[in-house]
Each structure stands twice: as structure tokens, then as C-alpha cells.
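Please look over the two-chain model below. The report that follows covers the chain contact and the nonpolar core.

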Amino acid sequence: MNLWLAACVGISLTLVPCAFMCLRGSSERRLVGFEMTSLLLTLLLVALTIGFGRQPFIDIALAVAIFTYSGGLIYARSMEKHL
Amino acid sequence: MNAHEMFEAILLAGIVASCWIGVFGMLRMRNPTEALHYLSLPASFGSTLLVIAVFVHTGSSLAAWMTLFICLVLLSINSVVTYATARAFRTREKGYWRLLASTDGAEFVPHERNS
């Protein structure tokens with residue numbers, strides 16, 4: 001295991017408290033947990049790409065960053081009145 | 001472990017630390033708006049360290065420049081999403097509200113939808 005994969009383990013363990021936050025509590029707290037999860041997932045995918053030496057896969061991290069943030073934005077907008 | 005790998009290890013440790021501090025801070029805050037502030041730590045500090053670490057590891061490669069672009073995306077979109085989310089929380093709490101023209105722009109007050 002190289003340094004990057006060790007860092008991936010450290011980052012991926014942070015997803016456990018995020019899942020806890022997403023699954024419990026009010027809708028507002030769940031949304032914050034979702035946004036933190038999307039952010040950490042992007043960092044994790046970049047680190048995994050470098051760790052495994054598969055540099056073309058970094059496009060997945062870019063796509064995840066853009067689409068999950070857009071999803072969070074839409075969710076927050078609909079949360080104002082509908083959820 | 002040479003100095004190059006040592007520097008890389010310090011950067012990666014900083015990334016992991018920023019993620020953990022952000023997550024613990026988010027969990028500790030009772031108010032969702034307060035918890036929202038902790039998004040900025042991995043988004044700004046973590047992603048910046050990640051860009052430096054990737055440049056140190058791969059040099060000037062396509063992956064390094066793509067990581068820089070991802071960092072810029074995170075920095076720019078995170079502020080927009082955080083603002084929109086905080087605004088959604090405020091609207092959800094107060095109902096329909098708007099900024100009064102008489103104020104200096106710092107205070108929002110609840111306002112009836114039909115008035």
C-alpha cells in the first residue's frame with residue numbers, strides 16, 4: 001500500500017460519520033451531510049486515481065464534483081418550500 | 001523515505017486531517033447553518049493541499065492540471081452551494097421573506113407572501 005492509498009483509507013473512513021448524519025436527524029442536517037459526502041467523495045476519487053496510477057480516471061472525480069454539487073443546489077432550492 | 005516522499009506524506013496527512021476536522025465539526029454543531037460552515041475546510045484547505053500533493057507526485061501532468069481544475073470547481077461551487085443552502089434554511093424557518101430597502105442590506109425580515 002502506498003501513501004496515497006493510505007490517505008484514501010483515511011478519507012473514506014470519514015464517509016461513515018457522513019452517512020450517520022445523512023440517515024439521522026432533521027432534513028437540514030441531512031442535506032449538510034449530503035453536501036459534505038459529495039465533497040469528500042470528490043477528494044477521495046482524486047486520491048484513488050493517483051494511488052492506483054490510473055490518471056485518466058480523474059474525469060470521474062470532475063464529473064462527481066459537478067453533478068453532486070448541482071444536485072445539492074437543486075435539493076436546497078426545493079427544500080425551501082416543498083420538502 | 002526521502003525528502004520528496006516526506007513532503008508528500010505531510011501533504012496527504014494534512015488532507016486527511018482537514019477532512020476529519022470538517023466532519024467532526026459538522027457533527028458537533030447542533031444548528032445546521034453552523035454545521036454548514038465546516039464544509040469549507042475540506043473544500044478549500046483539503047483541495048488546495050491535494051493539488052500541491054498531486055503536482056509533487058506527478059509533476060506537470062494532465063492529472064495535475066485536472067486536479068487544479070477540480071480544486072477551482074470545488075472552491076467556486078462550494079461557496080454558491082453553501083449560500084443557497086443557508087438561504088434555503090432561512091426561508092424554511094421564516095417562510096417567505098425579503099430584504100427591506102430601508103435597511104443597509106445586512107438584515108432580512110419575514111414578509112407576508114400576499115402583501
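The model is predicted.

**Interface.** Chain A puts 36 residues into the contact, and chain B puts in 41 residues. On the chain A side, four helices each supply at least two residues: α1 (3–13), α2 (15–23), α3 (27–52) and α4 (58–79). The largest share, 13 residues, comes from α3(A). The table sorts the side of chain A that touches chain B by class.

| Class, side of chain A that touches chain B | Count |
|---|---|
| Nonpolar | 24 residues |
| Polar | 7 residues |

**Core.** The largest nonpolar core holds 50 residues. Ala7(A), Ile11(A), Leu43(A), Val46(A), Ala47(A), Ile15(B) and Leu50(B) touch the most other members. Both chains contribute. Helices α1, α2, α3 and α4 of chain A each give at least two residues, as do α1 (3–28), α2 (32–36), α3 (40–58) and α4 (62–94) of chain B. Again α3(A) leads, with the largest share of this core at 12 residues. In soluble globular proteins, nonpolar side chains tend to be buried together.

Ala47(A) touches Trp4(A), Ala7(A), Cys8(A) and Ile11(A), leaving aside residues up to four places away in sequence.

**Val16(B).** This residue sits in helix α1 of chain B. Is Val16(B) buried or exposed? Val16(B) counts as buried, because it has 22 C-beta neighbours inside 10 Å. Not counting residues up to four places away in sequence, Val16(B) touches Ala7(A), Gly10(A) and Ile11(A). Leu75(B) is 59 residues from Val16(B) in sequence, and their C-alpha atoms are 18 Å apart in space.

Technical notes:
Residues numbered from 1 in each chain as written. Chains lettered and ligands numbered in written order. Predicted model: local features only at pLDDT ≥ 70, side-chain atom pairs only at ≥ 80, totals over all residues. Contact = placed C-beta atoms within 7 Å. Nonpolar A, V, L, I, M, F, W, Y, C, P; charged D, E, K, R; others polar. Core = buried A, V, L, I, M, F, W, Y, C linked by C-beta atoms within 7 Å. Buried ≥ 20, exposed ≤ 12 C-beta atoms within 10 Å, placed from the backbone.
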